[in-house]
Structure formats: structure tokens, C-alpha cells
Protein chains: 2
Amino acid sequence: MNRSLTRRQQEIYDFLSQHGSEFEHPPTLDELCNALGLSSKGSLHKQIQALVDAGLVEPMNNQRRGVRLIQEEDHTALPVLGYIAAGHPIEAIEQRETIQVPELLRTARPCYVLQVRGDSMIEDGILDGDHIVIEQREQARNGEIVVALIDGSDATLKRIEQRPGEVILHPANSQMSPMRFSPDQVSIQGVLVGQMRVYH
Amino acid sequence: MNRSLTRRQQEIYDFLSQHGSEFEHPPTLDELCNALGLSSKGSLHKQIQALVDAGLVEPMNNQRRGVRLIQEEDHTALPVLGYIAAGHPIEAIEQRETIQVPELLRTARPCYVLQVRGDSMIEDGILDGDHIVIEQREQARNGEIVVALIDGSDATLKRIEQRPGEVILHPANSQMSPMRFSPDQVSIQGVLVGQMRVYH
DNA sequence: CCCTTATGTTCTATGTGTGTTCTATTATAG
DNA sequence: CTATAATAGAACACACATAGAACATAAGGG
């Protein structure tokens, strides 16, 4: 889809990117002309139409200040919802953040990313600061590592064991003990499908 | 398809590779002529046409600045060179393989990916089967985890400690012992900058 | 509600940068 | 010598860009 833009179109696109991050409202055609050193908004309009056709700018049907860039979503990116530390609610990140996730590390189902806090899974090779990829689903098989919500408030990352009448959450840290709950206390938020770590 | 290029064609191709990584827009034929010391764009055009026929350059149908190299490279992908197991040469993969690597997990320098075999770094959270991202360089700071080549043949992934007159490679496995070498026995192949694991 | 103003849309005309094609000439290798 | 590669240069065709006028539509004020 990223067809080649002409030099001028690229210039206009770059200016729009720049402008969009600085000002709340898109510019008018006249303002654009002024900024780009053009004297004919008719010419400019033609260029912008090319960007619309290229799928980079929203179609502006007679709207004022309608020159808005289409923010094309990166299909390889997933939202980073926040931090997960054993025994605390998931701590949301202020502004919406995303991170690229290789296809290999995700599944066809909806996934999201959390950042790990703490050492509760250290013996399974999940360290403090790691990014983990979670597949969003409400059921898990025994032995899977899940994001579990306890009593509707506290989230934790543990290996799950579901027995008749009870649910056991196993940490991977010999200094911590498995936790037992009744099934109605525990709701599964997702299952671990990938993990990433930065060393630099 | 990859028929042999003539001397001039190779030269042009090389220049285009160079240019493409530096400038956003492809050059015009005139610019190319100038850069290559030609005075006839007609001649150049013929050469470029040969590159098009060879499948190395996109067909430029009357487009301005249409001299683009064909590149199907996914910029988020890195080559997977093979498996690394302590004390063996890196086992190359038959067919060239690549894997997507998030920007966060790589650096600006050239990087490649290996897959880990064995548990020698298990206590640092690097498990059998993990994919690791290696930044290609020949020097390392003490404490960094490196791909080291011992005696020119055996590759291994260890934490490095460089002392005057000796190099110590530390595994992260209490059942294994640090290994000592003289500096001329050890050559650093790269430094660990990222790690990924699949759980599904 | 109408009028004005600001702004987006459409059209024609024009210039020029740039790719294309051609012919002719000169190297270079076998 | 012959064939291939490489070059120059002219002539051409078209993509790209621009200006400017005229028209259409939205927004706001009286």
C-alpha cells in the first residue's frame, strides 16, 4: 500500500506529520500553501487528493480543516496495558503505548503485552522487567502460565492448576508458596504465549 | 534470473544501494550521470534497463525518480543464523531464515538472531529454545553476555570477564564452572541485546 | 433567515524537469 | 575482424507541478 510518493507529496506529508504533533487542528489549505511556499490552493488540493488516494490522508469531503493524516496501525504492534506484579492490580500506563511483537510470539487471537514486576516466576526464566505477551481468553489448561485476577482486584502471573473445587496458582520461585483459591475467586484474564527481554 | 552483470551495471547497482540507504528519494537519471561521471542519460538509461531486466531494479514506467532497487526485505526482520550450544560451533540452518524482531530488542548496529540450545545460562533466564538477538561487534564490556568463539571453532554464550592476561567466561548455571582462557584464544562474535521466547 | 466570509473543489492552461528512444561513435575482448 | 559493451548527444514524450479563475459549500452574525 505504501506506493511511492512524489517529492512534493512526501514534503506535504512530512509537513502534516510535523504539524499534527504540534497543533490541535489540521491546517487550512491556505495555511498549507503559505507554509509550503505555494500560491495556488488548487494545486495543493490536487496533491492532497493524491495522498488521499494513496491512503495516507483521510478523505476531506468539503470539511473545513479536513486534512488529517490516517494513522496507519502497525499490524505487528500490540498494546502495552501496564505492569503486572504479583498481588497488585495491573498498573495501567498513562498514555496508550504499543510495542512491536513478532508474529512468532503471538497467536491468532487477540493479544496484549504486560511488563513484569517482581521475581515470582524467576525460575521459569521470567525476570523483572520482561515484556510478556498475553493471549486474551478466560479458560486455561493446567500447566499454562496465566494472568489471574483474584477476588476481582489483584492480578498475578502464575502457573495454574485447576482441581475440582479449588484452583492452585504456582509461582516459580522457591521462596514463595503456591496459593489456593476457590474457583469463583479466580478469573483468568489471559494466557502467556510469548516473552521478550531487553539487555541494552 | 540473476544473470551476470557487466562491470558498469555492477557499479550502478552498488551506487544505488549506497544512495538508497542515505536518501529518501531515488536519484534522477541526471543526478546519477553526474555521480557516475557520465554525460549522457540515454546511455545510463540503457544500463538501468538491463538492471530492470535482471530483476534488480523496479521497472520505472516513465515515473520521475523511479530508479528504485527491488527490496522485499522486511525491515523489522533479522536473519536467524542457527543454533548456539555451549561448546559447539554455531550450527547453521539450512535455508536462510529470518524472524521479526521488535525495534526495542535490537540496536542500531547490525544484529542477528540465534536459537539457544542447552541450559548454560538458565539462571539468567535464558532457556533452551529461546531466541536471542546478538549485536555484531568484536569488543565487549565486562559483565555483558557475549557470543564467544573459542580457538576459532567452538561458539558459546557466556557472561564475559576480561582481566589482564586472561578471559573468564561465566555460565549462569551453578552446575557448571567458569572457563578461563588466554585472550588470544577467545574472539567475541557479538553481544546479547535481546531475547524472545515462545510459549505456545 | 439571508448575507458574508472563509474555505474546499473543480477546471483550464502552462512550463519544465525528467524518463524514453534513437542514431552514431568509440572502446574492449575473443 | 567481429561482437559486445559503453558512451555521447539529439529529439521526443510525458509526469509533475504550478497558477489562477470560477464555483461550491460550511460556518457565523446580524
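**Where chain A meets chain B**

Let's start where the two chains join up: strand 9 of chain A and strand 9 (residues 186–198) of chain B pair in the antiparallel sense over five bridges. Strands here are DSSP runs of E with at least two residues, and helices are runs of H or I with at least four, all numbered from the N terminus; two strands pair if DSSP finds at least two bridges between them. Look for A:Met196, whose bridge partner in strand 9 of chain B is B:Met196.

A quick word on the model: it is predicted, so local features need pLDDT of at least 70 and side-chain atom pairs count only at pLDDT 80 or more, while totals for chains, interfaces and linings use all residues. Residues are numbered from 1 along each chain as its sequence is written, chains are lettered from A in the order in which they are written, and side-chain values use heavy atoms, leaving out hydrogens and water.

Now zoom out. Chain A puts 30 residues into the contact (heavy atoms within 4.5 Å), and chain B puts in 30 residues too. Together they bury about 2400 Å², with 58% of it on carbon and sulfur atoms; that is the accessible area (1.4 Å probe) lost on putting the two parts together, summed over both. A:Gln100, A:Tyr199 and A:His200 supply 24% of the area that chain A buries against chain B, more than any other three residues.
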